Amino acid sequence: MEKVHILDHPLLQHKLSILRDERTGSKEFREVVSEIATLMCYEATRDLPLEEVEIKTPITTAKFKTLAGKKLAIVPVLRAGLGMVDGILELLPAAKVGHIGLYRDPETLEPVEYYCKMPNDIAERDIIILDPMLATGGSASAAIQFIKNYDVKHIKLMNIIAAPEGIERVHKDHPDVEIYVAAVDEKLNEHGYIVPGLGDAGDRIFGTK
């Protein structure tokens with residue numbers, strides 16, 4: 001599990017418990033998903049390169065560190081991944097945003113891409129894929145492969161909750177991709193839902209059934 005970063009900060013765990021509560025309404029759910037994404041982004045960008053620049057403070061001139069201008073993009077998996085976008089952009093306002101939409105073919109049960117729109121310079125950017133739930137891992141693995149097809153070299157996957165089965169699938173298909181999660185839950189049930197989980201993230205974000 002060396003490629004899995006479990007972010008167990010107390011604030012994250014507290015906010016995650018709010019998401020899990022079936023009494024939490026859509027408005028609060030959306031807000032907390034965004035807050036969790038911001039907190040997770042802080043950890044997922046810990047390896048961003050820095051460079052020294054000279055800055056004149058009110059007291060003196062000295063050298064200080066700033067981000068080295070690495071190009072980033074975030075790619076939410078439609079539709080639940082949209083709930084994490086604003087929280088990431090709070091910290092990374094210069095990041096570009098791509099979108100990928102997938103559905104599961106009822107015959108083959110394989111993910112099919114129905115929408116994909118990426119920044120023109122996507123191949124030059126480091127990518128963070130956003131999806132609140134990593135369940136079977138099928139959609140995440142497909143999304144990673146679709147983005148790799150653009151010659152992207154560095155991809156991270158950010159999920160709020162993961163099942164062990166999903167982590168295993170992504171590791172098997174894409175051993176180079178690091179996964180950032182706030183919790184690894186017990187298992188999947190017979191319907192493919194994470195247990196104990198939080199239900200359907202998309203429905204809870206957007207108030208649909």
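User: Leaving aside its neighbours within four places in sequence, which residues is Lys 156 in contact with?

Analyst: A word on the model before the answer. This is a predicted model, where local features need pLDDT of at least 70 and side-chain atom pairs count only at pLDDT 80 or more, while totals for chains, interfaces and linings use all residues. Residues are numbered from 1 along each chain as its sequence is written, and side-chain values use heavy atoms, with hydrogens and water left out. Contact means heavy atoms within 4.5 Å. Beyond its neighbours within four places in sequence, Lys 156 is in contact with Ala 44, Asp 47, Ile 127, Ile 128, Ile 129, Val 177, Glu 178 and Tyr 180.

User: Is Lys 156 buried or exposed?

Analyst: Buried means under 20% relative accessible area, exposed over 50%, and partly exposed in between (1.4 Å probe, protein chains only). Lys 156 has a relative accessible area of 5%, so it is buried. You'll find Lys 156 in strand E10, residues 155-162. Strands (E, at least two residues) and helices (H or I, at least four) are DSSP runs, numbered from the N terminus.

User: Which side chain makes a polar contact with the side chain of Lys 156?

Analyst: A polar contact is a pair of N or O atoms within 3.5 Å; within protein, one must be able to donate a hydrogen and the other to accept it, and residues adjacent in sequence count only if both atoms are side-chain atoms. Here the partner is Asp 47, at 2.8 Å.

User: Now pockets. How much space lies in the largest pocket?

Analyst: Rolling a probe the size of a water molecule over the atoms shows where empty space is left. On a 1 Å grid over the protein atoms alone, a pocket is an open set of points where a 1.4 Å probe fits, with protein on both sides within 12 Å along at least five of seven lines; lining residues have an atom within 4 Å of a point. Grid points are joined across faces, edges and corners, and a volume is the space filled by probe spheres set on the points. For the largest pocket, that comes to about 760 Å³.

User: Which residues lie nearest the centre of the largest pocket?

Analyst: Those are Asp 131, Met 133, Ala 135, Ser 139 and Asp 200, out of 28 lining residues. Elements giving two or more residues to this lining are strands E4 (72-78), E6 (99-104) and E9 (133-134), plus helices H4 (138-148) and H6 (201-206). By class, the lining of the largest pocket has 14 nonpolar, nine polar and five charged residues. In that scheme, Ala, Val, Leu, Ile, Met, Phe, Trp, Tyr, Cys and Pro count as nonpolar, Asp, Glu, Lys and Arg as charged, and the others, Gly among them, as polar.

User: Why is H4 described as largely enclosed by the rest of the structure?

Analyst: Because eight of the 11 residues of H4 are buried. Among them are Gly 138, Ala 140, Phe 146 and Ile 147.

User: Where is Arg 79 placed?

Analyst: Arg 79 sits in the loop between E4 and helix H3 (85-91). Arg 79 has a relative accessible area of 35%, so it is partly exposed.
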